[in-house]
Amino acid sequence: MEKLSKDLNYGNLPLLFIGESGTGKTHSARAVHCCSMMKQGPFMPLNCAGISESLAESTLFGCVEGAFTGAKTQKGYFSEACNGTIFLDEVSELSLATQAKLLQVLSEGIYMKLGSTSICRSHARVICATNTDLKNAVNRGMFREDLYHRISVMPIHLKPLRERRHEIPRLAMQYLRSRNKTVDIHAMRFLVSEDWMGNIRQLFSCLEIACYLSEKEVLDKETVQYAYRISC
């Protein structure tokens, strides 16, 4: 990931991470940010699936007091992320109206806060991610074709963990070091042998459960197997 991050140090070039849920898209986007020219600015992730359609626009672009019932002045991500990076996970969940405003920012570098007529200029890099087929969404009229081409200038496909088993030992040990734990060789072989349909997120969840279940510094295969069954 470090080499990939350095290779993608292209300033404001939009990136699109594509992969199953839990494959590490947020981690990858953060790594790119930390190696980019925007690294001194904030990294601001937003799960577009976790915010209502009515609030998405004000969350991203900000709003002025009175823009809608109960609205108070809000800066918005594009203001807060000045000289930094905005990471839009599940970008396909944005409404078509919000997609149009996002396209304007990416194409012209400008936007307006909700309820305002003043033009603001964006100084943030945008990295997007999706676990869906955006081309299919375009064909179904659920995603703007012009926005798709704008954000997919450099698409990066993240393989599921079952297709990159060689990374499991490194990921597992990295996580366990933060818990002052490790695993024996039999437990590690078990970790590598599983398919991890929930990908890295499920792997970390399994290890977290195993750490909770055992007071030993070295986790054995039985503990890890039991934790795996709970994580499924």
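Is E90 buried or exposed? At 16% relative accessibility, E90 counts as buried, where buried means under 20% relative accessible area, exposed over 50% and partly exposed in between, using a 1.4 Å probe and protein chains only. The legends below start with the whole chain and then move to the close-ups.

This is a predicted model, in which local features need pLDDT of at least 70 and side-chain atom pairs count only at pLDDT 80 or more, while totals for chains, interfaces and linings use all residues. Residues are numbered from 1 along each chain as its sequence is written, and side-chain values use heavy atoms, with hydrogens and water left out.

**Figure 1. The whole chain, for orientation.** The chain holds 11 helices and nine strands; helices (H or I, at least four residues) and strands (E, at least two) are DSSP runs, numbered from the N terminus. Its C-alpha trace spans about 65 × 35 × 35 Å along the principal axes. Of the 232 residues, 47% are buried. A contact means heavy atoms within 4.5 Å; among contacts between residues at least 6 apart in sequence, 73% join residues at least 24 apart. The chain exposes about 12200 Å², and carbon and sulfur atoms supply 50% of that area, as computed by the Shrake-Rupley method with a 1.4 Å probe, where for residues only the protein chains shown count as cover. There are 28 positive and 24 negative side chains, and the centres of the two sets lie 4 Å apart. For this count, Lys and Arg are positive and Asp and Glu negative, with His and the chain ends not counted; each charge is placed at NZ of Lys, CZ of Arg, CG of Asp or CD of Glu.

**Figure 2. The largest nonpolar core and a second one.** A nonpolar core is a set of buried Ala, Val, Leu, Ile, Met, Phe, Trp, Tyr and Cys residues joined through side-chain atoms within 4.5 Å. The largest core has 30 residues, and L60, F78, L88, L102, F143 and I151 have the most contacts inside it. Elements giving two or more residues to this core include β2 (43-47), α4 (77-80), β3 (85-89) and α7 (145-151). Helix α5 gives the most, with four residues. A second, separate core of 23 residues includes M188, L203, C206 and A210. In soluble globular proteins, nonpolar side chains tend to be buried together.

**Figure 3. The surroundings of F78.** Leaving aside residues up to four places away in sequence, F78 touches L60, F61, I86, L102, V105, Y111, S122, A124 and V126. Two of these partners, L60 and F61, return in the next view.

**Figure 4. Helix α3 and the glycine after it.** A56, E57, S58, T59, L60 and F61 are buried in α3. The buried residues of this helix pack against β2, α4, β3, α5 and β4 (110-112). G62 follows α3 and has a positive phi, near 85 degrees.

**Figure 5. Strand β1 and its two partners.** Strands count as paired if DSSP finds at least two bridges between them. Four bridges join β1 (residues 15-18) to β6, and the two run parallel; here L16 stands opposite C128. Three bridges join β1 to β7 (residues 155-157), again in parallel, and the bridge partner of I18 in β7 is H157.

Figure 6. N83 sits in the loop between α4 and β3, and its phi is near 60 degrees. With a relative accessible area of 46%, N83 is partly exposed. E90, the residue of the opening question, lies in the loop between β3 and α5 and has a positive phi of about 55 degrees.

Figure 7. G41 is found in the loop between α2 (25-34) and β2 and is buried, with a relative accessible area of 14%. Not counting residues up to four places away in sequence, G41 touches H33, N83 and G84. G115 lies in the loop between β4 and β5 (119-121), and counts as exposed at 60% relative accessibility.

**Figure 8. Y212 in helix α10.** Helix α10 (residues 199-213) contains Y212, which counts as exposed at 73% relative accessibility. Y212 and L176 are 36 residues apart in sequence and 12 Å apart in space, C-alpha to C-alpha.
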